Amino acid sequence: MNDKIASLKSQFEEQLANVLETAQLEEIRVAYLGKKGSITDLLKGMKDLSNEEKKTFGQHVNMFKAEATEKIGAKMKELKELQIKKEIESMPVFDVSMPADTARGSYHPITLVQRECERIFKSMGFHVEDYSEIVTDYECFESLNIPKHHPARDMQDTYYLDNGQLLKTQTSAAQNAIYKKYKDDLINKNIPIKAVFPGRCFRNEATDACHENTFFQMEGVMVGKDINISNLIFFMKTMLSEVFQRDIKVRLRPGFFPFVEPGFELDINCLICGGEGCSSCKHSGWLELCPCGMIHPEVLKAGGIDPEEYTGFAFGLGLTRLAMMKYGIKDLRDLNSGNLKAMDQFTDDM
């Protein structure tokens, strides 16, 4: 019986040495270690042996089995390493000293508009802040004077996570954190809070030519002493004139937003149709661009600022719609389509 083990072992070693692929190795593993494999068959011949012989033979078979298992594992590791090496060697070689192909790709139009707005507001003394896309209910609603069950939440049907957090519906969700970050400079040094914070927002709503479930905004706030609506109008007119490089016709109309009082809708004359009416502006000639207003006293209180001493304005600039107007894009769904043919026409030196 020991001769049978030796013969089988020699056969196994020879076959293992000739294995070149993992598929072949798996075949050998099944042939020797499987339920119907050769090593298992060795144990079936023990019935004709004495008890002492069974004990000795069984030990030898188990040793062979353990050795075969170890060698198959080592061979598998060796074959995988060789496979990785071949893949690396077969990769094309790039000459890093070659000049870059600058004709490939371009920035997304929303990125271009966002960077332009950031540049403009920086020139007017505003900080540019970043904020998370996943926020708490307090950040997105309660700190903005929108308590639970407030009807204003119905307009912002959104995406909630299992842990109670949500994808932010508006860049206003960063307001509370911004006030707390800069309030000491405001109170102790009388330095006004001036900040913009762009970001992606999410709402569970039907899509059309001027609405999407994912869109980009840029929130802006200014808080200090004697800040009024005239300051708001000045900064917005300056920004729009810089973006479009011409005087833009705008209008302010009353609008309700719980975190501002009074609140306004800043509309821009539709640049796609010249104000005549099209699908982008819902045939009104105007496109809602920027909800804005004077920051509500309760919102300032939540940020640790005394509304009796300080006032401020806030606006939520729609970067997606601004990009539509700047580049003449008739359907904002094109901006999220991933269609490179539609996007690669937008190039810029920014």
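User: What makes Ile84, Ile88 and Met91 a nonpolar patch on the surface?

Analyst: In this predicted model, a patch is made of residues with over 30% relative accessible area and no salt bridge, where nonpolar side chains (Val, Leu, Ile, Met, Phe, Trp, Tyr) are joined within 5 Å and like charges within 9 Å. Ile84, Ile88 and Met91 form such a nonpolar patch, with about 320 Å² of accessible area together, an area that comes from the Shrake-Rupley method with a 1.4 Å probe, only the protein chains shown counting as cover. Met91 is found in the loop between α4 (51–90) and α5 (109–123), where helices are DSSP runs of H or I with at least four residues, strands are runs of E with at least two, and both are numbered from the N terminus.

User: Why is Met91 called exposed?

Analyst: Exposed means over 50% relative accessible area, buried means under 20%, and partly exposed lies in between (1.4 Å probe, protein chains only). Met91 has a relative accessible area of 51%, and is therefore called exposed.

User: How do you know that the side chains of Lys9 and Glu67 meet in a salt bridge?

Analyst: A salt bridge is a side-chain nitrogen of Lys or Arg within 4 Å of a carboxyl oxygen of Asp or Glu. For Lys9 and Glu67 the distance from N to O is 3.1 Å, and the pair therefore meets the definition. Lys9 lies in helix α1 (residues 2–17) and Glu67 in helix α4, so the pair ties together parts that are 58 residues apart in sequence. Lys9 is partly exposed at 30%, and Glu67 is partly exposed at 25%.

User: What makes Arg251 and Asp267 another such pair, and is Asp267 buried or exposed?

Analyst: The closest N and O atoms of Arg251 and Asp267 are 3.0 Å apart, and they form a salt bridge. This pair links distant parts of the chain, with Arg251 in strand β6 (residues 250–254) and Asp267 in strand β7, 16 residues apart. Arg251 has a relative accessible area of 32% and is therefore partly exposed, whereas Asp267 has 1% and therefore counts as buried. The search of the whole structure finds 18 salt bridges.

User: Why does Lys194, which is buried, count as having no salt bridge?

Analyst: The nearest side chain of opposite charge (Lys and Arg count as positive, Asp and Glu as negative, while His and the chain ends are not counted) is Asp185, 13 Å away. A salt bridge needs a distance within 4 Å, and therefore Lys194 has none. The side chain of Lys194, a residue of strand β4 (residues 193–202), does reach the backbone oxygen of Met124 at 2.7 Å.

Technical notes. Residues are numbered from 1 along each chain as its sequence is written. This is a predicted model: local features need pLDDT of at least 70, side-chain atom pairs count only at pLDDT 80 or more; totals for chains, interfaces and linings use all residues. Side-chain values use heavy atoms; hydrogens and water are left out. A polar contact is a pair of N or O atoms within 3.5 Å; within protein, one must be able to donate a hydrogen and the other to accept it, and residues adjacent in sequence count only if both atoms are side-chain atoms.
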